[in-house]
Amino acid sequence: MNKLLFISLFLFNTYAFNFGNNFGLDIDHSPQWRTYRDNQKLEVSKCEIELFNSNVSLNSKGQLEKAFDIVLEVDPAIGKQINVLRKNNEVSINEFTAAIRRKYGIDNKTSALYIHEEKAIYVNSSDELGLLVIFLYHEISHALDSKIEVELSEVFKLYDQYSENYQMMQVIATERGHTGNGDFSTFLSDTERVILSNEYRSYINLDQLYRFRAERFAFTKQDTFVNRLFTNYSCYQDYIEEHKKLNGLKLFVETPDSYIFDAYGINSSILE
């Protein structure tokens, strides 16, 4: 088994749009939403903000460095911290290309991505500045999350334990007559199947628990940031509300747990 196929914690991404029945395609079910959005998205009213004594349009595209400037102005502590990490090559900011999506099996519904093992953030610089900065801030929050390193090591430890026993059980099944065709677990005892099942469940549950913790952390940071954007720039809230109305933008002032469970495929029972 390839660890990259089983470990999902190291991929943290932002699902931002929801084209439901009233808006076309539902991004939680269709990988074609970005093509739809890029080609047919309705334009919203212009919103210009003053950024470090110059006017900048939130509707403009290709403005990645301006997005960093907004982060720096609205949340100076985080802005300075991420700039230091970028300068020291401890975090890289990259274009979220089709090649990267294919490499990690990420479909087009994902707007931005942080890969912890690479210390890399991926964004689409072609997104409007007013949206890009929010996607970027969410991924920066992951990059600065000090708990991820420890949590990953715990998840990998459980995965390695499960993987080792899985391979051992395959050997046992072969010794008992399994030829490689069909489900080898039929050659295991009830006790052996329960052990393997419990180890797998323990790994999955911990992975989901930590993914929820990481996303809850990032969305809480994002919510605070979005509220600051609305306070600092007078037309920002109207700009976002119009995107919600016309294009199905799914963005909350206070992101509910239920959205995280639904958007990231996490079972809410892990919190019980």
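Residues are numbered from 1 along each chain as its sequence is written, and side-chain values use heavy atoms, with hydrogens and water left out. Because the model is predicted, local features need pLDDT of at least 70 and side-chain atom pairs count only at pLDDT 80 or more, whereas totals for chains, interfaces and linings use all residues.

The mean pLDDT (the predictor's confidence in each residue, from 0 to 100) of the protein is 86, and 85% of the residues reach 70 or more. Residues 1-10 have pLDDT below 50, and this stretch has 31 contacts (heavy atoms within 4.5 Å) in the model beyond near neighbours in sequence. Over residues 15-40 the pLDDT also stays under 50, and here the model has 66 contacts beyond four places in sequence. Where pLDDT is low, the predicted coordinates should not be read in detail.

The model has 1 disulfide, a disulfide being a pair of cysteine sulfur atoms within 2.5 Å. The bond joins C47 to C235, with 1.9 Å between the sulfur atoms. Distant parts of the chain are linked in this way: C47 lies in the loop between α2 (33-40) and β2 (48-51), C235 in the loop between α8 and α9 (236-247), and the two are 188 residues apart. The angle about the S-S bond is 80 degrees, and the link of C47 and C235 is right-handed.

Helices (H or I, at least four residues) and strands (E, at least two) are DSSP runs, numbered from the N terminus. Axes are lines fitted to C-alpha atoms, for helices over the stretch in contact, and angles run from 0 to 180 degrees between N-to-C directions. Angles under 35 degrees count as roughly parallel, over 145 as roughly antiparallel, 65 to 115 as roughly perpendicular and the rest as oblique.

Helix α3 (residues 64-74) packs on helix α6 (residues 129-143) at about 65 degrees, the axes being 9 Å apart. That makes α3 roughly perpendicular to α6. The contact involves L64, K66, A67, F68, I70 and V71 of α3, together with L129, L132, V133, L136, Y137 and I140 of α6. These residues divide into 11 nonpolar, no polar and 1 charged (Ala, Val, Leu, Ile, Met, Phe, Trp, Tyr, Cys and Pro count as nonpolar, Asp, Glu, Lys and Arg as charged, and the others, Gly among them, as polar).

Helix α6 also meets α9, their axes coming within 10 Å and crossing at roughly 90 degrees. The two helices α6 and α9 are therefore roughly perpendicular to each other. On α6 the residues are L129, G130, L131, V133 and I134, and on α9 they are Y236, Y239, I240 and H243. This contact has 7 nonpolar, 2 polar and no charged residues.

Helix α8 (residues 190-232) and helix α10 (residues 257-264) cross at roughly 125 degrees, with axes that come within 10 Å. That makes α8 oblique to α10. R211, F212, E215, R216 and F219 of α8 make the contact with D257, Y259, I260, F261 and Y264 of α10. By class, the contact of α8 with α10 has 6 nonpolar, no polar and 4 charged residues.
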